[in-house]
Amino acid sequence: MKQVTITSKSVEEAVEEALAQLRASKDKVEIEIIEESKKGFLGLGAKPATVKVTLNADPLEEAVQFLKEVASKMGVEVDVTVKEDEEGTILEMASEKIAILIGKRGQTLNALQYLTNLVANKSSDEFKRMILDAENYRERRKETLEKLAYRLASKALKINKKVSLEPMPSMERKVIHMTLKSNSKVQTSSEGSEPHRRVIITPTNE
Amino acid sequence: MEELIETIVKALVDHPDDVRIEEVETSSMVTYQLSVNSEDMGKVIGKQGRIAKAIRTVINAAGTNESKKINLEIV
């Protein structure tokens with residue numbers, strides 16, 4: 001949680017300064033008055049006011065709001081449904097024009113997911129992972145990747161050489177690793193640096 | 001399009017009031033010149049340009065119906 005403690009002439013001024021520092025509006029913060037100001041007499045005994053202001057940003061709320069706004073500016077009105085999963089929070093989008101938001105091989109969906117994660121976690125200390133999904137795209141993609149993994153593993157064994165896959169985001173690479181984990185004839189590893197990191201399938205006895 | 005870039009960028013930076021976007025149009029291409037507070041440069045570019053790339057992917061997806069190529073420059 002972001003938090004500031006400000007001392008100023010009056011409570012109002014201190015709160016204003018705190019809001020400016022946090023770049024937040026009054027409805028998104030909690031204000032605790034630590035010390036009220038005292039006027040004093042002829043400049044004697046005057047005391048400044050101290051307030052503690054805490055930002056109440058909810059990553060999930062920020063994420064949903066950001067997503068809806070961006071989609072609408074792209075000309076797509078979306079409904080967002082939130083589901084909790086062991087891998088994180090899933091934001092499921094539904095719309096008539098969903099294809100625009102998914103893009104070729106999910107590249108738009110992945111870009112939106114990356115940006116949503118950045119925006120959602122900007123003002124909070126703990127990192128909350130958000131997964132974007134649309135029309136079950138992630139599940140369908142997972143099936144495609146599993147098939148690809150099996151196919152390339154047998155290719156690697158057939159030519160007895162390592163086979164490298166196209167660059168993929170970490171979430172998709174994980175699917176390949178997990179799929180071939182139980183296959184003792186091949187080993188998988190990743191190579192290169194993001195965003196060009198790719199999976200390599202190597203025959204164990206190469 | 002300008003609104004879309006503005007929505008994304010303002011949500012990412014610490015100084016949303018300093019976000020400026022200028023549109024430069026030629027016969028085949030529209031270029032958006034984005035400038036942000038110097039403290040926020042990293043927040044729109046990202047490690048190895050990852051954030052900039054994600055922004056470009058999103059605006060290109062939004063611009064598929066337009067005939068001109070869309071370009072985003074960070075200045």
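In the predicted model, A:Asp133 is in contact with A:Ile90, A:Leu91, A:Glu92, A:Met93 and A:Arg138, neighbours within four places in sequence being left aside. A:Asp133 itself belongs to strand β6 of chain A. Although buried, A:Asp133 takes part in no salt bridge. The nearest side chain of opposite charge is that of A:Arg138, at 4.9 Å, whereas a salt bridge requires a side-chain nitrogen of Lys or Arg within 4 Å of a carboxyl oxygen of Asp or Glu.

With a relative accessibility of 45%, A:Glu135 is classed as partly exposed. The C-alpha atom of A:Glu135 is separated by 9.5 Å from that of A:Ala99, a residue 36 positions away along the chain.

Side chains of opposite charge can pair when their charged atoms come close. Over all chains, twelve salt bridges were counted. One of them joins A:Glu35 and A:Lys47, with an N to O distance of 3.9 Å. Because A:Glu35 lies in strand β2 (residues 29–35) of chain A and A:Lys47 in the loop between β2 and β3 (49–55), this pair ties together parts that are twelve residues apart in sequence. A:Glu35 is partly exposed, at a relative accessible area of 35%, and A:Lys47 is likewise partly exposed, at 38%.

A further salt bridge connects A:Glu172 with A:Arg141, whose closest N and O atoms are 3.0 Å apart. Distant parts of the chain are linked by this pair, as A:Glu172 is in helix α6 (residues 170–180) and A:Arg141 is in helix α5, 31 residues apart. Both A:Glu172 and A:Arg141 are buried.

In chain B, the side chains of B:Glu25 and B:Lys68 form a salt bridge with an N to O distance of 2.6 Å. B:Glu25 is part of strand β1 (residues 20–25), while B:Lys68 is in the loop between α3 (50–62) and β3 (69–74); the pair thus links distant parts of the chain, 43 residues apart. B:Glu25 has a relative accessible area of 48% and is partly exposed, as is B:Lys68 with 24%.

A:Glu12, A:Glu13, A:Glu16, A:Glu17 and A:Glu36 form a negative surface patch. Of this group, A:Glu12 lies in helix α1 (residues 11–22) of chain A and is exposed, with a relative accessible area of 58%.

Methods:
Residues numbered from 1 in each chain as written. Chains lettered and ligands numbered in written order. Predicted model: local features only at pLDDT ≥ 70, side-chain atom pairs only at ≥ 80, totals over all residues. Heavy atoms only, no water. Patch = residues over 30% accessible without salt bridge, like charges linked within 9 Å, V, L, I, M, F, W, Y side chains within 5 Å. Areas by Shrake-Rupley, 256 points an atom, 1.4 Å probe, with all protein chains shown as cover. Lys, Arg positive; Asp, Glu negative; His and termini not counted. Charge placed at Lys NZ, Arg CZ, Asp CG, Glu CD. Helix = DSSP H or I, 4+ residues; strand = E, 2+ residues; numbered from the N terminus. Buried < 20%, exposed > 50% of the residue type's maximum accessible area, 1.4 Å probe, protein only. Contact = heavy atoms within 4.5 Å.
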